[in-house]
Amino acid sequence: MTDPINSIREISLPQIHDPRGDLTFVEGERHVPFPIRRVYFLYNVPVDAERGGHAHRDLEQVVFALSGSFRMKIDDGKTKSEYWLRDPRKGLYINRLIWREMDSFSQGAVCMVLASHPYDESDYFRAYEDFIVAVNEGVK
Ligand code: T46
């Protein structure tokens, strides 16, 4: 699937299947469009939890549901859309200047995120109003 909103797109990873089970792998700059500088996981997430609620100035990420499922609500400041992540082979590429919210985690869901940069709190827009100003100004 390709969404017109700011390059949001699904990324499909290879799957090596044999009688012992399945193996999927991911390489930076090959399967994801950036060098992978950080990997983090969300787990033990209560089913009624809401995560996200921010955007990034520069960070690009690809989000996977390694186990279970959850919803990602995406907003580029003009258009909103939502995606259900439930297949460990399929990630959602999220560019910079995209507001994201996550909810409806299934019991035991595990979210893995591949990120283009190390953690940097100054890269976050944590107030929606600040994000909208940045979108309208086209600033980093
Ligand atoms: C995103 C969604 C999908 C760190 O110290 N290092 C890290 O790499 C991260 C991601 C977070 N933290 C600290 C910062 C906060 O004190 O962990 C705490 C919780 O972070 P946050 O509230 O930002 O977590 P989420 O799940 O709302 O958002 C995270 C990412 O921050 C964000 O970039 O896109 O997952």
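1. In the classes used here, Ala, Val, Leu, Ile, Met, Phe, Trp, Tyr, Cys and Pro count as nonpolar, Asp, Glu, Lys and Arg as charged, and the others, Gly among them, as polar. The structure under discussion is a predicted model.

2. By these classes, the lining of the largest pocket comprises 8 nonpolar, 4 polar and 4 charged residues. The lining has 16 residues in total, and Tyr40, Leu42, Gly52, His54 and Tyr124 lie nearest the centre of the pocket. The space within this pocket amounts to about 250 Å³.

3. At least two lining residues of the largest pocket come from each of β4 (38-42), β5 (51-56), β6 (61-67) and β10 (99-103). Strand β5 gives the most, with 4 residues.

4. Strand β5 also belongs to an open sheet of 5 strands, ordered β8-β7-β10-β5-β12 and paired antiparallel. The edges are held by β8 (80-85) and β12 (124-125); each has a single partner strand, so one side of each is left without a neighbour in the sheet.

5. Within this sheet, β7 (residues 70-75) runs antiparallel to β8 and is joined to it by 6 bridges. Met72 stands opposite Tyr83 in β8.

Technical notes:
Residues are numbered from 1 along each chain as its sequence is written. This is a predicted model: local features need pLDDT of at least 70, side-chain atom pairs count only at pLDDT 80 or more; totals for chains, interfaces and linings use all residues. Side-chain values use heavy atoms; hydrogens and water are left out. Two strands pair if DSSP finds at least two bridges between them. On a 1 Å grid over the protein atoms alone, a cavity is a set of points where a 1.4 Å probe fits but cannot get out, and a pocket is an open set with protein on both sides within 12 Å along at least five of seven lines; lining residues have an atom within 4 Å of a point. Grid points are joined across faces, edges and corners, and a volume is the space filled by probe spheres set on the points.
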